[in-house]
Amino acid sequence: LMSAETPLDLSERGKLAIVPGRDDLNEFMAGLADPYHPETNPDGYLVLLVAENKLNTDQFSEKISSIFKCEELPQSVYGYGDFKGDPEFRAAVSKMMEETFIKAPVDKDCIV
């Protein structure tokens, strides 16, 4: 993110690359970190920027299973996951990097 600490020697292309894709990203992330709850967190945020609908996942699951004649899909496929990516995939990438490119421990939480 551009800030007072941003080096001035970046190219114009570099300066554009570090600007967030959304001007409300900080507010959005603050809302996700502090969700509203009427009893336990009445001063929290109610995030309306999410297109995920958790109210209908049972209906979606039933319909998809009937159409494709498949086992019920995990509930995780009906919504957003970890913004950094699937934890199992990040762990696998971390291990692969340790064994091939880096040859040293790689923290899976640093893989995004």
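**Close-up views of helix H4 and its surroundings**

**View 1. Arg90, Val93 and Ser94 are the buried residues to look for in H4.** Buried here means under 20% relative accessible area, exposed over 50%, and partly exposed in between (1.4 Å probe, protein chains only). Seen down the axis of H4, its buried residues fall within an arc of 100 degrees, so they line one face of the helix; the arc is that of the directions from the helix axis to the C-beta atoms. On the face turned away from this buried side, H4 carries the exposed residues Glu88, Phe89 and Lys95. Helices (H or I, at least four residues) are DSSP runs, numbered from the N terminus. This is a predicted model, in which local features need pLDDT of at least 70, side-chain atom pairs count only at pLDDT 80 or more, and totals for chains, interfaces and linings use all residues. Residues are numbered from 1 along each chain as its sequence is written, and side-chain values use heavy atoms, with hydrogens and water left out.

**View 2. Here is the start of H4, with Asp86 and Glu88.** A side-chain oxygen of Asp86 comes to within 3.2 Å of the backbone nitrogen of Glu88.

**View 3. Gly85 sits in the loop between helix H3 (57–68) and helix H4 (87–99).** Gly85 is partly exposed because its relative accessibility is 24%. Between Gly85 and Asp109 there are 10.0 Å in space, C-alpha to C-alpha, although they are 24 residues apart in sequence.

**View 4. Leu32 belongs to helix H2 (residues 25–33).** With a relative accessible area of 35%, Leu32 is partly exposed.

Definitions and conventions. Helices (H or I, at least four residues) and strands (E, at least two) are DSSP runs, numbered from the N terminus. A polar contact is a pair of N or O atoms within 3.5 Å; within protein, one must be able to donate a hydrogen and the other to accept it, and residues adjacent in sequence count only if both atoms are side-chain atoms.
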